Amino acid sequence: MELTAKERMAIERHGMAEQPPDLRNRNFEEVPYGYTPEEAVAEAQRCLSCKKMPCVSGCPVEVPIPEFIALVAEKKFAEAARVIKTKNVLPAVCGRVCPQETQCEGVCVRGKKDIKEAVAVGNLERFVADYERENNLAEVPEIKNKNGLKVAVIGSGPSGLTVAGDLIKLGYEVTIYEAFHRGGGVLVYGIPEFRLPKKIVESEISALEDLGVKIYYNSVIGRLHKVDDLFNVLGFNAVYIGVGAGLPIFLNIPGNNFNGVFSANEYLTRSNLMKSYLFPQYRTPMIIGKKVAVLGGGNVAMDSARTAIRLGAEKVTIVYRRAREQMPARAAEAHHAEEEKIEFRLLSSPVEIFGNDEGWVTGMKCQRYELGEPDESGRQRPVPIEDSFFEFDCDQVLVSIGGEANPLITKTTPDMKTNKWGYIETDDWGRTSKKLVYAGGDIVTGAATVISAMGAGRMAAKAIHEDLMKESDETVTPDWW
Amino acid sequence: MYELVEKSEVFNVHEMVIDAPEIAHSIEAGQFVIVMGSENSERIPLTVSDWNTDTGTITLYVLETGMSTLELARMKVGDSLYAVTGPLGSPSEIRDYGTVVLGGGCYGIGAIYPIAKACREAGNKVISIIEARYSFMFYHEKELHAACDQVLYATSDGSKGKKGKVEDVITEMLEKGVKIDQAFFIGCTQMLERCSEATRPYNIPTKVALNSIMLDGTGMCGACRVSVGGETKFACVDGPEFDGHKVDWKELDQRKSAYTEQETVVYQSYSHGGEVPKVGSA
């Protein structure tokens with residue numbers, strides 16, 4: 001039964017049922033429960049299938065959104081998942097972690113007046129991907145015409161997994177080198193279980209292994225093998241570098257090295273990858289702060305703050321230099337953090353971290369800021385207010401103010417160009433200045449999103465295929481590519 | 001992979017020879033690996049003390065000090081470690097210095113060996129000084145003798161060599177006017193500090209291998225940060241070797257003891273054969 005536009009307009013947006021804040025702040029289980037099939041169909045019926053499809057251009061990998069949503073409305077969930085996967089190999093991940101409000105949902109015609117009225121594209125994407133996985137409906141594509149060419153992918157984060165998935169299907173032999181003992185990169189060490197259950201990442205990786213992708217863990221490229229060795233010794237025909245950004249930044253203020261001061265990377269890696277929230281069954285210990293200060297306003301800051309609450313902190317305060325509206329965090333994360341009673345100290349920035357004689361952090365001194373003229377990014381610049389200092393007690397500080405480029409590969413690959421910040425220079429397709437070496441994700445752009453890293457991986461896979469085809473007559477492009 | 005192919009122990013130091021051919025092929029003197037005994041283990045950094053490209057093995061000397069090292073110590077030949085990642089850290093700077101003195105205590109007795117070998121190959125006169133409480137706690141001596149021009153001993157009870165510590169031997173050498181062009185020290189933080197203080201008055205270039213707490217070992221987490229000459233450095237990528245005269249020892253010691261409370265609870269229980277208790281349950 002076809003609905004009229006008016007009937008579609010009359011349907012209200014379906015939120016996802018969630019664990020209540022006072023329950024979830026004591027566990028690490030996922031916050032939203034997911035749609036029921038009925039909710040998914042009803043939400044899908046809200047889509048007007050408009051001709052312009054602004055959502056598709058709003059998506060960094062151009063998922064055919066109206067097409068998959070129309071299939072959901074017809075209860076063809078597995079087909080919907082297949083449509084998404086033509087453009088996005090990790091829909092269960094992206095449905096959960098993409099900043100939809102600035103992408104597909106941000107340009108949805110139904111959200112023009114109020115973003116909260118946009119079609120819930122992210123929720124629907126999550127639903128169909130979960131439905132496909134939970135019911136084992138994923139199709140394993142048959143790979144014909146192995147072309148005998150070998151590609152090394154460095155890093156098993158979102159961009160590396162995308163490159164591996166695309167190239168294995170084209171007939172390449174793909175080997176991923178992962179520094180950690182588990183695959184997934186930031187999806188497993190950075191993003192907490194309550195936002196992205198690890199079983200989803202594991203299932204995506206085992207799907208790639210089923211297709212024939214080899215993964216070598218505990219392999220730090222730059223140390224174990226240099227990029228040149230991958231070609232000369234190990235016989236790879238092309239190399240993709242997707243190692244993520246790397247080194248954490250600490251504020252240039254006194255007291256950074258007191259015990260209890262963590263980079264968000266360390267704190268989240270302990271909790272997520274090493275599962276120290278299950279200490280001592282998992283042996284990696286964790287400092288459980290009572291009064292925790294989190295520095296920064298991005299997703300990583302929200303993840304750190306919400307992890308601290310779950311580990312048993314009595315009070316968690318986010319200290320951010322700009323205003324609430326300027327926070328780079330995904331809207332849902334900041335909202336969930338507020339619901340979990342995390343305090344926001346906005347327009348404030350630390351000037352000193354205090355500690356005791358035993359070397360443990362005891363508090364911090366901050367300065368208040370106000371908003372001034374817009375800066376290059378268009379955001380109003382935060383300006384310190386003179387003599388506006390205040391102090392508060394805390395026994396743990398989680399620093400989440402970004403990172404800088406990891407030099408392990410670039411230092412050992414001197415003939416590959418980097419920019420002045422140490423990130424790898426590439427063309428629009430991920431080609432570096434070194435022949436048959438490609439790069440994408442945070443090591444090229446600096447800290448960004450999962451979806452943009454996947455987009456870069458998709459582009460690089462195309463470039464690798466194009467370039468290797470020129471080098472070899474053997475390579476055949478299948479029809480679907 | 002990572003099978004334990006040989007194992008022996010001298011007092012509380014465990015020699016573990018592990019199958020890791022790729023690491024054996026790429027490692028250089030001064031580098032380390034991060035190991036996990038089992039899937040639930042901590043990731044802990046251990047200096048690689050020897051390797052063999054023919055057999056594809058690396059040798060670690062593990063000092064039993066807590067939960068993670070105890071779990072490694074209890075592994076048997078034929079067992080496999082869950083993860084061995086490396087080589088990590090920057091290699092030692094090896095060149096022809098002239099006379100090089102290497103000081104090692106506890107696991108450092110084994111860890112100075114590859115540096116000794118590399119320094120000798122680079123043309124240096126190499127003198128190693130090793131310390132232990134009692135003479136029966138020394139190990140890996142035959143190899144060390146073969147790699148050095150001279151091996152000197154220090155024991156707390158005077159049962160072998162000089163009664164005292166590595167720095168007492170060095171001080172005596174320096175007072176006698178022995179010319180030392182470069183010193184390397186590997187061992188516990190207190191030993192590194194004492195030895196660095198011994199070479200400071202004589203302005204002898206001194207490298208110490210720091211073993212701060214690490215997680216990933218690739219510079220991503222910053223757990224291992226140390227202050228050297230007033231600057232924050234990451235031991236895993238900027239080190240592990242730093243100028244011993246510039247290290248903030250108090251801070252390093254405090255940072256290394258950050259988890260003592262948690263470690264003590266689980267270690268006591270586990271080492272007494274009991275179940276691991278739940279602590280700090282949320």
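How many residues of chain B are in contact with chain A, and how many of chain A with chain B? Select both chains and you will find 51 residues of chain B in contact with 44 residues of chain A, where contact means heavy atoms within 4.5 Å.

A word on the ground rules before we go on. This is a predicted model, in which local features need pLDDT of at least 70, side-chain atom pairs count only at pLDDT 80 or more, and totals for chains, interfaces and linings use all residues. Residues are numbered from 1 along each chain as its sequence is written, chains are lettered from A and ligands numbered from 1 in the order in which they are written, and side-chain values use heavy atoms, with hydrogens and water left out.

**Stop 1**

Next, show Arg182(A) and Glu39(B), whose side chains form a salt bridge at 2.6 Å, N to O. The term stands for a side-chain nitrogen of Lys or Arg within 4 Å of a carboxyl oxygen of Asp or Glu. Two salt bridges are counted between chain B and chain A. There are also 25 residue pairs in polar contact across this interface, both residues at pLDDT 80 or more. A polar contact is a pair of N or O atoms within 3.5 Å; within protein, one must be able to donate a hydrogen and the other to accept it, and residues adjacent in sequence count only if both atoms are side-chain atoms.

Colour β6(B) too: with six residues, this strand gives the most to the side of chain B that touches chain A. Helices (H or I, at least four residues) and strands (E, at least two) are DSSP runs, numbered from the N terminus.

**Stop 2: domains 1 and 2 of chain A**

Domains 1 and 2 of chain A bury about 1800 Å² between them, 73% of it on carbon and sulfur atoms. Select Val89(A), Leu90(A) and Val97(A), which in domain 1 lose the most area to domain 2, together 29% of what that side buries. How many salt bridges are counted between these two domains? The count is zero, while three residue pairs are in polar contact, both residues at pLDDT 80 or more.

**Stop 3: salt bridges in chain A**

Zoom in on Glu105(A) and Arg13(A), a salt bridge with its closest N and O atoms 3.1 Å apart. Glu105(A) lies in the loop between α7 (91-97) and α8 (121-134), and Arg13(A) in the loop between α1 (5-10) and α2 (21-24), so the pair ties together parts 92 residues apart in sequence. Glu105(A) is buried at 7% relative accessible area, whereas Arg13(A) is partly exposed at 29%; buried means under 20%, exposed over 50%, partly exposed in between (1.4 Å probe, protein chains only).

Finish at Asp130(A) and Arg96(A), a salt bridge at 2.8 Å between the closest N and O atoms. Asp130(A) sits in helix α8 and Arg96(A) in helix α7, so this pair joins parts 34 residues apart in sequence. Asp130(A) is buried at 8%, and Arg96(A) is buried at 6%.

How values were computed:
Buried area = accessible area lost by both parts, 1.4 Å probe.
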